[in-house]
Amino acid sequence: MISRLLLEDVLAAAMSTGADFAEVYAEKTRNNGIRFLDGKIDTVSDDMVSGVGIRAFIGTRTVYATTTDISRSGLIRCAKAVADALGESKAQVSINLTERIFPNIHPVKILPGSTAMTTRTDILKSACFAAKERDEKVKQVMGNLASVDHTILIANSEGLYTSDRHVRTRIAVSAVAVSPDGSDNQSGSASPGRGMGLEMFDFIDPKSVGIKAADQALINLSAGYCPAGQMTVAIENGFGGVIFHEACGHSLEATSVGTGTSQMCGKLGQQIANTKVTAIDDGTIPGAWGSVNIDDEGTPTQKNVLIENGILKSYMIDRLGSRRMGMAMTGNGRRESFMYEPTSRMTNTFIANGPDKNEDIIKSIEYGLYAKSMGGGSVNPLTGEFNFGVSEGYIVRNGVICEPVRGASLVGTGSQILMDIDMVGQNLDTAQGMCGSSSGSVPTDVGQPLIRVSKITVGGR
Amino acid sequence: MNFTEIKDIISAACTKHSVEEYEIFYTVGEDISAETLKDEVSAFSSGESAKVYFRCLVDGHMGLSSSSYFNADELEDLVLRAKENAGAIENNDVVVIFKGSESYAKTTAPEPVIVDAGELKNKALELQKATYATDSSVVDGTQSIAMSFRNEIYLYNSHGLELSNKVGMSGCYVVAVVNKDGEARDNFEFAENISSEAAAKLPAKAVQGALDKIGATEIPTGKYNIVIDGTQMRSLLSAFSSAFSAKNALLGMSRLAGKEGEKIASDIVNITDDPMREGCPVQTPFDDEGVATYKKTVVENGVLKTMLYDITTGIKTGKETTANGRRGGNIAPYNFGICAGADTQEELFAKAGDGIYVTGVKGLHAGANPITGDFSVESEGFLIKDGKKAGPIKSFTVAGNFFALLQEIDSLGNEVKWGIPGGFTVFGSPDVLVKNMSVAGK
């Protein structure tokens with residue numbers, strides 16, 4: 001993308017006023033999207049992102065500059081802007097870059113961009129028509145097939161010069177079901193993705209995605225409103241893991257821990273969760289949605305055990321966080337694109353299987369909510385106060401799953417909820433999300449087996 | 001590469017590949033920001049960005065492509081990709097490259113300039129010092145940030161239409177973190193224009209807001225009269241604004257479908273969309289299709305006067321575009337806000353009697369369904385006791401249906417609180433009193 005020799009000059013220019021570290025991140029990304037709407041292919045989008053971000057540090061002071069001008073003069077100008085903003089001294093620096101090739105643990109078999117357009121539109125249509133044909137009450141189906149082909153190049157003043165190519169694919173279907181008299185409409189959705197090419201459809205049938213979205217809309221159409229109040233809640237596997245992502249994950253990122261604005265500061269080695277809870281962030285799972293070979297600072301990803309039997313074991317730490325906290329980087333430095341300075345982010349984060357049988361979890365609930373499918377959520381890492389939406393829920397009475405309810409949300413405080421997870425089941429599964437934070441929107445997997453939370457506030461009416 | 005060079009390369013490629021009707025939309029911008037932690041500027045960033053969006057008509061279908069890679073081969077490829085993409089489209093919508101409106105309004109916002117880096121750093125430091133000095137409970141983690149951006153937009157099409165616009169602003173924000181008796185709370189406040197009076201008042205406002213949250217209690221589940229602060233009501237309006245899109249109505253994805261001319265809100269509710277709102281640093285004289293924009297009343301005395309249209313949905317429904325076309329076949333408003341009512345905030349509290357004043361709603365992306373209007377959201381705020389603001393409350397949700405809420409608005413505050421300009425749309429609302437809403441607490 002950009003030659004090693006040119007990058008040596010760019011890094012030297014960025015360090016010319018006394019920086020103790022400098023880094024160049026260059027990217028070229030093709031984003032393709034096909035949208036299905038109202039029974040037809042509606043829009044095809046095709047975007048190329050190209051640009052460079054240059055960063056330099058003095059201690060924990062940072063300067064970051066970006067440009068879409070990747071000519072020699074454009075890059076040197078950008079590097080000088082970094083140097084001018086960072087320091088006032090003069091420094092003669094010479095940089096020697098050595099190319100490193102990291103192992104590719106996410107090989108791609110079918111690059112979406114290299115296939116015929118009809119191959120992709122057929123996949124999308126098969127998912128969308130499956131939703132439409134599920135029931136005559138399904139009146140509208142919207143679908144999207146998105147693929148990202150992302151090539152990055154990272155060079156830094158420690159001599160690293162490396163690149164990586166990451167491909168990901170995702171299909172999203174949302175269905176709207178309308179009651180026979182037209183007075184009510186409800187929606188449902190499903191959106192699996194992988195860090196793969198089109199081979200993801202070898203084991204995810206597009207039709208099943210459409211059917212899942214349609215069924216959720218139909219169930220919500222038959223549901224009454226969820227009652228409000230505190231109750232016992234069983235949260236199903238897959239996207240249910242968003243509870244850990246929001247209630248705890250963000251508070252373990254150096255972004256908040258390193259600046260002292262996390263409820264989890266200073267708690268390493270302490271019991272912060274029920275002993276049944278073990279939680280892991282693992283960016284190395286082959287082909288997973290949140291996996292990458294190297295993070296956006298050039299550090300290989302790794303498996304980080306965050307919580308083991310309730311004890312806090314590790315944070316997620318990027319390069320700046322590592323300087324602030326005096327701890328090693330964990331391969332979690334991520335960003336949406338060159339427009340963002342990287343910071344610590346989750347990859348594939350999940351609660352591991354526990355000791356309880358799933359049927360025992362449901363049986364144990366006298367009256368409560370079974371949250372089968374979750375929407376997204378958000379958190380304030382300082383206070384740990386979080387929320388997330390339930391997209392498919394049922395009332396549980398005397399240990400039996402009963403009628404569906406809609407419009408529920410769950411709110412609570414991370415430190416409390418972690419202690420209140422008092423049963424952990426055995427059907428671990430993950431699901432895909434886009435996580436938004438200061439370095440933009442990045443793909444992350446969330447996951448867990450079925451869990452029981454002894455008491456949580458359920459928002460309803 | 002500047003816009004003229006880009007335009008020439010793409011136009012030549014269109015001629016070469018027999019593309020007759022096309023449009024080039026180009027944005028180029030700069031932004032800088034200075035961020036403090038403790039007593040120093042901990043992070044400074046500056047960015048230059050540019051992007052070209054191309055679309056062309058091929059056999060009655062619109063092909064799209066875009067790029068930030070400015071190289072002659074890539075720009076030619078952009079034309080080929082858009083042409084190929086057009087071939088995959090199956091819908092029968094009438095799509096048009098617009099020939100131009102008779103005239104376009106002139107923006108009244110001052111010529112945007114990027115604030116000098118030194119000045120910006122000093123402002124951030126000054127705010128940070130003032131924030132720490134406000135109260136002894138202010139702790140590390142507190143941040144003050146000053147920023148400035150400037151964007152230029154150019155539109156050119158094969159009918160010879162050429163339009164341009166410049167927008168930009170400066171602003172600052174303070175995130176105050178306080179710790180009192182072991183309880184940590186934070187609060188975010190923003191002000192437009194770094195040299196404004198509002199900017200100078202940020203530290204005190206941010207710290208007071210954080211201190212006010214200390215000692216929050218939980219409330220019982222039940223029905224409450226609620227005053228929703230304008231800053232939060234505008235977030236609700238934003239979450240459900242897609243219902244005003246004529247495209248979503250045609251697709252059966254809006255509860256407002258077929259309701260033009262009908263009562264959709266209480267008598268006192270008026271909603272306008274003003275692309276050139278006086279005092280707003282982001283003013284938009286033409287939409288992404290090149291149509292001249294204008295101010296419109298969307299809801300008048302509770303009656304839905306018009307949905308928002310682009311050219312295609314206008315043709316489909318036999319109406320005119322309302323100049324709300326966005327790139328990618330979408331529809332969106334500009335300065336979209338509920339108009340001011342008659343009451344001061346104190347009068348709204350008095351009318352509520354006993355209830356809740358909501359100053360924060362969170363997680364709307366998950367807790368609000370724009371198709372059905374249902375929402376159930378984490379909230380923060382204060383009790384209202386005997387018609388007056390009382391102590392802070394926490395860990396509760398407010399639930400309801402946005403379209404039912406519009407019908408049930410009892411009273412409106414007399415000041416519209418606008419959001420932070422930046423992107424295409426800014427939302428605004430006064431404080432709103434709604435009676436008997438569902439609240440989940442302890």
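Start by selecting Asp282(A): its bridge partner in β12(A) is Lys303(A). What you have open is a predicted model, where local features need pLDDT of at least 70, side-chain atom pairs count only at pLDDT 80 or more, and totals for chains, interfaces and linings use all residues. Residues are numbered from 1 along each chain as its sequence is written, while chains are lettered from A and ligands numbered from 1 in the order in which they are written.

**Stop 1: the sheet in chain A**

Now widen the selection to strands β11 (residues 279-282) and β12 (residues 303-308) of chain A, which pair in the antiparallel sense over four bridges. Strands here are DSSP runs of E with at least two residues, helices are runs of H or I with at least four residues, and both are numbered from the N terminus. Two strands pair if DSSP finds at least two bridges between them. Strands of a sheet pair through backbone hydrogen bonds, either parallel or antiparallel.

**Stop 2**

Select β8 (residues 271-273) and β9 (residues 296-300) of chain B: they run antiparallel and are joined by three bridges. Click on Thr272(B) and you will find Thr297(B) of β9(B) opposite.

**Stop 3: two helices in chain B**

Which helices of chain B have axes that come within 8 Å? Select α3 (residues 117-134) and α5 (residues 202-212) of chain B, whose axes cross at roughly 45 degrees. The axes are lines fitted to C-alpha atoms, for helices over the stretch in contact, and angles run from 0 to 180 degrees between N-to-C directions. That angle makes α3(B) oblique to α5(B), because angles under 35 degrees count as roughly parallel, over 145 as roughly antiparallel, 65 to 115 as roughly perpendicular and the rest as oblique.

Show the side chains next: Leu127(B), Ala130(B), Thr131(B) and Thr134(B) in α3(B) meet residues of α5(B) including Leu202(B) and Val207(B). Two residues are in contact if their C-beta atoms, placed from the backbone, lie within 7 Å.

**Last stop: two domains**

Finally, colour chain B by domain: domain 1 (3-212) and domain 2 (222-440), with bounds from an automatic or database domain assignment. Their C-alpha centres lie 24 Å apart.
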